[in-house]
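Subject: Structure handover

Hello,

Here is the structure I said I would pass on. My notes on it follow below the model.

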Amino acid sequence: MNAMDRDPSGDPLGKALAALPRPRLGPAFNRRIMMALRAETASRRAPWTLPAEASALALASTWMAAVLWTLLFNWTPERTLHALSLAMHPSEAGALLKLQLAKGLILCTQSLSLFRTLCPSGCFSPELVLQWACAALLAGAILFAVSRGPEPHAAWRKS
Amino acid sequence: MTEPLADDRSLVRRCLAGEDAAFELTLDLYRDRVFSLLCRLAQNPADAEDLAQETFLKAFRNLSQYDPSRPLLSWLFAIAHNTAMDFHRARNPALVSLDAEEAPLELPERTPRLELAVAASLRSREIELVLSSLPPLYREILILRHQEELDYAEIGRILELPSGTVKNRLFRAREKLRTGLEAAGLGECG
């Protein structure tokens, strides 16, 4: 071993090697690693806690189910008013329709809160997108229901 | 460089506590140095990036095994070394020998003028070309010693070799590089 090997600073060959440019990685590399780490963390989470994707899917499904259920059985003005008008005055039927809409909203808010609780903060970015999408869907459903308006049932009109 | 940093210990503690910012900081501090070593070993930036990703993920998964008496970078280099060797073995099992040194070198006559000429005139690109023609175990030890400025003991811990073998391998690597530079006509510069 010669003196240069003991002291790289006085070694021309070593200096030349030290002066070689270092290839660099951009910040995108950090993002790749962090995403992979988060995915691993999510897959190791306790079984009763849903991973972000499953939560997003469950949230979307619940919203869709809530909207469909209310559209099919509660919010269809004809069906609601048909049932209601058999027993009560149309003014009360209109009030009850509003009540059904409020109940639907409460149901949807509750399902959102439930899934927010299940999902740790920061790991659930699809939630926001889904919230907006489902809120838009719900708003569409409400507008649809309201635009049809409460129609008195034919049997009641005749009476 | 070979002194363990108190910052390394606190960084690892924060990573073990699950702090995202600590992982990011570790990547910011050491990403390029690990990637640089892997580039010289893989000789392909895309492969080197994949290897760097694997290295950091292995490190982060096994942070509890980190020995705080060593610098974190050396530990990362050791993981990078093993990852790169696995990669080379998978690609070409006959290519990499970790322990077996080659037959004694036929060394040319040492000329002090050569080193002066090299220092005066070598260009990075030409060194890179000659360096890339060396076997990976020589490229690696040259980079660890001369670019990362690690001492023999630390290189030995990274490569899992005794210090004597490190010195021997480094000597051979330098001679190979010197021979390559001469063959490329760079010894006559200046």
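**What was found**

Chain A has 159 residues, and buried residues make up 18% of them. Please keep in mind that this is a predicted model.

The secondary structure of chain A comes to 8 helices and 0 strands. Read from the N terminus, its elements therefore run α-α-α-α-α-α-α-α. Among the contacts in chain A with a separation of 6 or more, 76% are between residues 24 or more positions apart.

**Confidence**

For the complex, the predictor gives an ipTM of 0.72 and a pTM of 0.57. The average pLDDT of chain B is 81, and 78% of its residues score at least 70. Residues 103–110 of chain B have a pLDDT below 50, and beyond near neighbours in sequence this stretch has 5 contacts in the model. Where pLDDT is low, the predicted coordinates should not be read in detail.

**Where the chains meet**

The contact between the chains takes 24 residues from chain A and 35 residues from chain B. On the chain A side, the elements that give two or more residues are helix H2 (12–18) and helix H3 (27–44). By class, that side has 17 nonpolar, 2 polar and 5 charged residues.

**Helix H7 of chain B**

H7(B) is a helix of 12 residues that reaches 15 Å from its first C-alpha to its last, close to the 16 Å expected at 1.5 Å a residue. Of these 12 residues, 11 are buried, so H7(B) is largely enclosed by the rest of the structure. The buried set includes Pro136(B), Tyr138(B), Ile141(B) and Leu144(B), and also the charged residues Arg139(B), Glu140(B) and Arg145(B).

What do the buried residues of H7(B) pack against? From chain A there is H2; from chain B there are helix H2 (20–42), H4, helix H6 (124–132), H8 and H9. Just after H7(B), Glu149(B) takes a positive phi of about 55 degrees.

**Helix H8 of chain B**

In H8(B), residues 152–159, the buried positions are Tyr152(B), Glu154(B), Ile155(B), Ile158(B) and Leu159(B). They lie on the same side of H8(B), because they cover an arc of only 160 degrees around the axis. Their cover includes helix H4 (72–91), helix H7 (136–147) and helix H9 (163–183) of chain B. Glu160(B) follows H8(B), and its phi is positive, near 55 degrees.

In soluble globular proteins, nonpolar side chains tend to be buried together. The largest nonpolar core in this model has 47 residues, of which Val34(B), Leu38(B) and Leu76(B) touch the most other members. H2(B) gives the most to this core, with 10 residues. Leaving aside neighbours within four places in sequence, Val34(B) is in contact with Ala52(B), Thr55(B), Leu76(B), Phe77(B) and Ala80(B).

**One loop residue**

Gln43(B) is found in the loop between H2 and helix H3 (45–61) of chain B. Is Gln43(B) buried, partly exposed or exposed? Gln43(B) counts as partly exposed, because it has 13 C-beta neighbours inside 10 Å. Gln43(B) and Pro136(B) are 93 residues apart along the chain, yet their C-alpha atoms are separated by 9.3 Å. Pro136(B) is one of the buried residues of H7(B).

Regards

Notes:
Residues are numbered from 1 along each chain as its sequence is written. Chains are lettered from A and ligands numbered from 1 in the order in which they are written. This is a predicted model: local features need pLDDT of at least 70, side-chain atom pairs count only at pLDDT 80 or more; totals for chains, interfaces and linings use all residues. Two residues are in contact if their C-beta atoms, placed from the backbone, lie within 7 Å. Helices (H or I, at least four residues) and strands (E, at least two) are DSSP runs, numbered from the N terminus. A residue is buried if 20 or more other C-beta atoms lie within 10 Å of its own, exposed if 12 or fewer, and partly exposed in between; C-beta atoms are placed from the backbone. The arc is that of the directions from the helix axis to the C-beta atoms. pLDDT is the predictor's confidence in each residue, from 0 to 100. The expected span of a helix is 1.5 Å times one less than its number of residues. A nonpolar core is a set of buried Ala, Val, Leu, Ile, Met, Phe, Trp, Tyr and Cys residues joined through C-beta atoms within 7 Å.
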